[in-house]
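I opened my notebook to look up a few things in a structure. Here it is.

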Amino acid sequence: MLKGWKFSVLGIVIVGITAAVAPQFGLIDYGRSISLFILFVLFVAALEVMERLGKRKKG
C-alpha cells in the first residue's frame with residue numbers, strides 16, 4: 001500500500017494525466033484544467049508540509 005509522499009506523487013500523476021486528456025474530449029477548456037491541476041499540486045504540497053511540521057512537533 002502506498003503511504004506518504006508516494007501516495008501524493010501518484011495522485012499528482014493521475015490528476016496531471018486527467019488535466020491533459022480532459023480538454024481533448026471537450027470536458028473542460030485547456031486553461032482551466034491546467035489552473036486546476038496547479039491548484040491541486042499546491043494543495044497536496046500544503047498537506048505534505050503540514051504533515052512534516054506535525055511530525056517535527058511530536059518528536
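My entries below cover a helix pair, a serine and a salt bridge.

**Ground rules.** I am working with a predicted model, where local features need pLDDT of at least 70, side-chain atom pairs count only at pLDDT 80 or more, and totals for chains, interfaces and linings use all residues. Residues are numbered from 1 along each chain as its sequence is written, and side-chain values use heavy atoms, with hydrogens and water left out.

**Helix pair.** I looked up how α1 and α2 pack: the angle is about 175° and the axes lie 9 Å apart. So α1 is roughly antiparallel to α2 (the term applies to angles over 145 degrees). I then listed the residues in contact (heavy atoms within 4.5 Å). From α1 they include Trp5, Ser8 and Ile12, and from α2 they include Phe37, Val44 and Glu48.

**Serine 8.** I found serine 8 in helix α1, residues 5-21. Is serine 8 buried or exposed? I noted 15% relative accessibility, so serine 8 counts as buried (under 20% relative accessible area; exposed is over 50%, partly exposed in between, with a 1.4 Å probe and protein chains only). Beyond its neighbours within four places in sequence, serine 8 touches Val44 and Glu48.

**Salt bridge.** I found one salt bridge in the structure (a side-chain nitrogen of Lys or Arg within 4 Å of a carboxyl oxygen of Asp or Glu). Lysine 55 and glutamate 51 form the salt bridge, at 3.5 Å from N to O. Both sit in helix α2, residues 30-58, four residues apart, about one turn of the helix. Lysine 55 is exposed at 55%, and glutamate 51 is partly exposed at 36%.

Note on methods: Helices (H or I, at least four residues) and strands (E, at least two) are DSSP runs, numbered from the N terminus. Axes are lines fitted to C-alpha atoms, for helices over the stretch in contact, and angles run from 0 to 180 degrees between N-to-C directions. Angles under 35 degrees count as roughly parallel, over 145 as roughly antiparallel, 65 to 115 as roughly perpendicular and the rest as oblique.
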